[in-house]
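Keep the view open as you read.

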Amino acid sequence: MATDTDASRVGGFGEVSRVRGIAFEYLSLGASVLGIFALAVLLIYVTIDAFDLAGANPLWLLTYFLTLVVPFLGFCLYSAHDSALTRRAVAVGGGGLVAVAAVFTAIETFVGRVPRLNWQLTYLFVVVVPLTGYLVYMGARGRPGSVGFGLIGRLIGGAAIGMAFSVLFLVFDERLWFLVYTLGVVPAALVYGYGHTRDVSSALTAALPTAILGTLLAVFLRPIVDTYPTTAFIYLWTLAIPIAAAGALVVDARSSRPKAVLAGGVPLGLAAVVGLFGRAIGLGVGGPNALLVIVVAGVPAAVYLDRAFDVGEGVIGLGLPVLLIAGALAGAAVVETFGIPTPSPWVSETFLTEAPSRNATEAGLYPAIVGSVIIIAMVAVLSFVLGVATSVFLEEYTADTGIVGALTRLLQINIANLAAVPSVVYGLLGLGLFANLLGFGFGTAVTVSLTLSLLILPITIISAQEAIRSVPDDLRRGSDAMGATRWQTTKNVVLPEAFPGILTGTILALGRAIGETAPLIMVGAATTVFSPPSSLFSKFSAMPMQIYAWANFPQAEFRYGVVAAGVITLLIILVGMNGTAILLRNRAERGD
């Protein structure tokens with residue numbers, strides 16, 4: 001009888017738990033859908049304002065939809081090679097068009113006009129954008145799509161990294177870098193290469209002291225030496241040639257010497273011609289920045305092309321960049337031929353390359369972009385190095401018992417609490433410690449970077465600790481059994497296994513840092529600067545600060561168009577930065 005009673009209680013408890021579980025499931029789903037919907041509406045309106053889509057002619061939208069979007073979707077469907085998927089995509093695209101037009105017309109008829117929206121834009125954001133995202137995901141799983149998207153990623157990512165390098169050299173002395181590379185890096189690399197090829201341990205050991213001595217000599221000679229090559233030649237010698245050589249070595253290791261020469265030599269030659277002589281021979285582009293962009297984008301693309309042709313599968317996907325460029329040019333030709341009115345987007349070349357202005361049509365974000373890139377680069381290095389080093393020490397080198405163990409637990413509790421401290425408190429800390437006590441200046445890159453590094457350091461430490469903790473102890477014990485020291489086990493076993501998790505935490509932390517405004521206000525960062533900084537101790541601004549300043553302008557053009565353009569630019573840079581880190585994490589997870 002007792003057994004029956006217990007069973008009935010268990011059954012009743014199970015029924016109650018099931019109802020509560022279903023209720024909780026649907027409440028969670030509703031909250032998620034509501035949050036995503038609110039965010040989607042916000043991003044839609046920001047995008048419409050930034051690109052002036054509210055004033056776009058429907059024929060302009062139709063033209064680029066037919067010349068650019070439809071061929072791209074066709075490529076994704078071809079790569080997916082799934083007839084059922086094609087039928088579903090056509091049904092969603094066609095049915096969505098009718099449904100959106102009918103619903104939107106009904107809303108305007110019986111409820112009222114929706115501001116800055118029409119049914120064409122609604123169809124674009126509600127149907128076309130999600131459908132495109134899904135088809136990109138499905139197409140990337142096929143070999144042609146994987147090859148095509150891989151090539152585009154290397155071209156876009158390389159160009160972005162090249163531009164980031166050029167931005168960093170606005171504040172870092174390229175002449176000092178030239179001396180450091182020539183007197184320190186090159187001799188150290190030669191010594192290390194000699195020791196590696198001839199198996200001379202003393203040469204391998206001497207590589208680091210050689211680099212240090214060369215760097216000290218470069219710092220000593222910098223104020224003495226007056227004559228230097230041009231900036232373009234410095235970039236060619238210190239960056240372009242090493243990048244091309246690295247690409248050639250990669251191809252040579254898996255292919256042949258002639259292909260290696262082509263993979264490194266063609267992008268290097270093109271970069272040298274355009275960078276050194278582009279403007280002189282009438283190309284319209286040139287200079288050191290063009291040299292950097294071409295070589296940093298071209299060498300990885302050339303290496304990828306060699307691998308794609310070696311594999312031999314999905315080579316047709318390499319035509320995806322050509323398809324997109326041809327679609328864009330065809331759309332532009334149709335718009336020009338038939339005189340179709342084009343929108344006037346706020347996100348334009350002028351906006352990205354000019355300084356702020358009191359006139360909305362002339363306002364630019366370039367100095368703030370430079371400031372944000374430099375600050376986030378320094379924050380990434382500082383927080384990653386300090387965070388990983390601290391987490392390794394806490395997880396691998398401290399004791400679990402005794403006084404040291406108690407101090408370690410106290411330290412861990414404080415780190416966890418610091419992760420929840422409001423950002424304005426870190427701004428006050430940066431103001432008192434870095435700006436006043438250490439004298440790094442108000443609103444300089446050093447002060448801002450150190451303050452933001454402190455802000456995200458607890459998050460980086462905690463995420464790195466969790467990643468290191470997740471490495472199985474069996475791997476450590478196996479390394480110990482092979483006679484490895486604790487440092488060898490940490491370096492060769494623990495850190496490679498934990499690296500994807502460490503990168504995940506760093507991505508989240510940097511995403512918070514790049515959008516912070518309160519700490520920048522507290523340490524005295526400028527809301528507006530009219531020229532890019534010339535050193536790390538110049539007055540800095542950042543994109544969040546400039547957007548904040550524009551939001552307080554009385555003109556509607558600033559509060560809608562210019563602010564929206566700044567937000568979109570900030571999001572693009574954030575997505576690009578996070579995308580690069582995610583790719584590195586995924587490659588580490590695959591063991592590439």
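A cavity, on a 1 Å grid over the protein atoms alone, is a set of points where a 1.4 Å probe fits but cannot get out, whereas a pocket is an open set with protein on both sides within 12 Å along at least five of seven lines; lining residues have an atom within 4 Å of a point. Grid points are joined across faces, edges and corners, and a volume is the space filled by probe spheres set on the points. What you see is a predicted model, in which local features need pLDDT of at least 70 and side-chain atom pairs count only at pLDDT 80 or more, while totals for chains, interfaces and linings use all residues. Residues are numbered from 1 along each chain as its sequence is written, and side-chain values use heavy atoms, with hydrogens and water left out.

With that rule, there is 1 cavity of 30 Å³ or more. The largest cavity has a volume of about 70 Å³. Its lining is made up of Ser-372, Ile-375, Ile-376, Leu-452, Ala-513, Ile-514, Glu-516, Leu-520, Ala-542 and Pro-544. Sorted by class, the lining has 8 nonpolar, 1 polar and 1 charged residues; here Ala, Val, Leu, Ile, Met, Phe, Trp, Tyr, Cys and Pro count as nonpolar, Asp, Glu, Lys and Arg as charged, and the others, Gly among them, as polar.

Now step back to the whole chain. Its secondary structure comes to 21 helices and 0 strands, where helices (H or I, at least four residues) and strands (E, at least two) are DSSP runs, numbered from the N terminus. Along its principal axes, the C-alpha trace spans about 95 × 80 × 60 Å. Of the 592 residues, 38% count as buried; buried means under 20% relative accessible area, exposed over 50%, and partly exposed in between (1.4 Å probe, protein chains only). Among contacts (heavy atoms within 4.5 Å) with a separation of 6 or more, 74% come from residues 24 or more positions apart.

Next, look for the nonpolar core, a set of buried Ala, Val, Leu, Ile, Met, Phe, Trp, Tyr and Cys residues joined through side-chain atoms within 4.5 Å. The largest one has 48 residues, and those with the most contacts inside it are Ile-374 and Trp-550. Two or more residues come from each of α1 (2–51), α13 (366–397), α16 (445–469), α18 (486–514), α20 (543–551) and α21 (556–590). Once again α13 stands out, giving the most to this core with 9 residues. Leaving aside residues up to four places away in sequence, Ile-374 touches Val-167, Leu-168, Val-171, Pro-533, Leu-536 and Phe-540. A second, separate core of 25 residues includes Phe-169, Ala-271, Leu-292 and Val-299.

Leu-536 and Phe-540 turn up again beside Thr-444, which also touches Phe-537 and Ser-538, not counting residues up to four places away in sequence. Thr-444 lies in the loop between α15 (423–437) and α16, and it counts as buried because its relative accessibility is 4%.

Helix α1 also holds Val-46, which is buried because its relative accessible area is 13%. Beyond neighbours within four places in sequence, Val-46 is in contact with Ala-564, Val-567 and Ile-568. Val-46 and Gly-566 are 520 residues apart in sequence and 9.8 Å apart in space, C-alpha to C-alpha.

The second largest pocket has a volume of about 2200 Å³. Of its 50 lining residues, Thr-47, Leu-53, Leu-124, Phe-125 and Val-129 lie nearest its centre. α4 gives the most to this lining, with 12 residues. The lining divides into 46 nonpolar, 4 polar and no charged residues.

Finally, visit two loops. Asp-52, between α1 and α2, has a positive phi near 55 degrees without being a glycine. Asp-52 counts as partly exposed because its relative accessible area is 26%. Arg-116, in the loop between α3 and α4, likewise is not a glycine and has a positive phi of about 60 degrees. At 35% relative accessibility, Arg-116 is partly exposed.
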